[in-house]
Amino acid sequence: MLQSIPRIAVCIALVLTAACASKTPLQAEGLATTGKQYTTTLKKVNSFALDHTLEFTASLLPNLPRDNTTLLTQTQAMQQRAELLQTTSNYLDTQALYFAELSALAKGDTSTGTTRALRKLVEALNKAPDVGGIPRVSKEAVAGLAGHVASWKHGAQVREELMRGAEPVAHALLLNQHILQEQIQWITQREALARQVEYREKVLKPFVEDKKLSETWKNAWIKHIKQVPTIELLEQAKAASIDMQQAWVNVLRGEGSFEHLQGVFNQLNSNIQAANNREPNTHDPK
Amino acid sequence: MTPSDFETLQTDVHAVFSALYLIDVELLSAEERKQHQQVLAAAYLAFVNAENARFAALSAHAKNELGELAGHVKMMREGMAELEAPSEQLGVLGKGLDALARLAKLL
């Protein structure tokens, strides 16, 4: 029994050494890249949400009273929408910058410039966009997250930074999630209406009128049955956004990696780009 | 008005706008088409402004007035639910033009 004690001690020492020597997700390549991919994805959805609303509104306008007041009020409402999406986009840029600076710090860039930039960025993240249409998220929802920082896994400066940034970053990620949900709702509601009108005009009417049904009719009928690819894409973005929140907790804990998320965001980015290039699915209700 | 009431109002405004959007204007008379255009414009503006608004940022006066208007929008939604003929639906929705316009202005 006594002989086995030193062996156990050696084993424990080996395990501890291995744990300390393994890279945290911050030290490994990843946070800056994933953070950039994440914010780029959300910015693309942001831009898509604006384009989609503008397309829908532009198609609706010819069916509204053709007077100055109508055009002015509808234009102002869209300008307000564009403004709030621009604010969201700026906030996402701040997050990407924070992830890049934190990654640099974790890789050994302890220059005053980096630490000062991080401090400023956390201050900026604490000032969540305060414009209409963007939901408020209670700071209590992420309270206590600094307690997840695994002190023994991070260097002193990184640890200090993580303690300061843990909650503001988690709050920002949660807010992004809410904004994304709002945007998904804007798109899905308009998409659903546009599809119903398209079905009535392009499928139902030609069919019941007993006219000769062309290839266009066949394609419209098939399209109506299939799920809208855009909606599926937005749901994937929502899932990836939730994963990003978990990844942040893993960063604090000094465990996990970004490999999975990088693949997901890469795919999402190209799919959203492809969806942006496709013809918008908005219709004239006439 | 509570945040939850505001969410209900947003849902009702969406339902009213949807009903108007889905009316087949080919089935309406020339006069009805004009009325449809006006109500559709007011409903869409109210819908977008409700999306753009944040309840917490609204003044106490606005919240009070919204409480009153919410009742009108709810009545419009319920009133047209059982109707099938586009002109009948428009008849119910058209009566709410003033409420929708006030709502769009408040938000």
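Reader: Which residues of H7(A) meet which in H8(A)?

Author: Two residues are in contact if their C-beta atoms, placed from the backbone, lie within 7 Å. By that rule, A:Pro229, A:Thr230, A:Leu233, A:Gln236, A:Ala237, A:Ala240, A:Asp243, A:Met244 and A:Ala247 in H7(A) meet A:Leu261, A:Val264, A:Phe265, A:Leu268, A:Asn271, A:Ile272 and A:Ala275 in H8(A). Helices here are DSSP runs (H or I, at least four residues), numbered from the N terminus. This is a predicted model: local features need pLDDT of at least 70, side-chain atom pairs count only at pLDDT 80 or more, and totals for chains, interfaces and linings use all residues. Residues are numbered from 1 along each chain as its sequence is written, with chains lettered from A and ligands numbered from 1 in the order in which they are written.

Reader: At what angle do the axes of H7(A) and H8(A) cross?

Author: Axes are lines fitted to C-alpha atoms, for helices over the stretch in contact, and angles run from 0 to 180 degrees between N-to-C directions. For H7 (residues 229-253) and H8 (residues 259-277) of chain A, the axes come within 10 Å and cross at roughly 150°. That makes H7(A) roughly antiparallel to H8(A), a label for angles over 145 degrees.

Reader: Which residues have the most contacts inside the largest nonpolar core?

Author: A nonpolar core is a set of buried Ala, Val, Leu, Ile, Met, Phe, Trp, Tyr and Cys residues joined through C-beta atoms within 7 Å; buried means 20 or more other C-beta atoms within 10 Å of a residue's own. The largest has 53 residues, and A:Val45, A:Tyr98, A:Leu102, A:Val169, A:Ala170 and A:Trp248 have the most contacts inside it. H5(A) gives the most to this core, twelve residues. Beyond its neighbours within four places in sequence, A:Trp248 touches A:Val169, A:Ala170 and A:Leu173.

Reader: How many residues does each chain bring to the contact between A and B?

Author: Chain B brings 20 residues and chain A 24. On the side of chain B, H2(B) has the largest share, ten residues.

Terms used: Helix = DSSP H or I, 4+ residues; strand = E, 2+ residues; numbered from the N terminus. Parallel < 35°, antiparallel > 145°, perpendicular 65-115°, else oblique. Buried ≥ 20, exposed ≤ 12 C-beta atoms within 10 Å, placed from the backbone.
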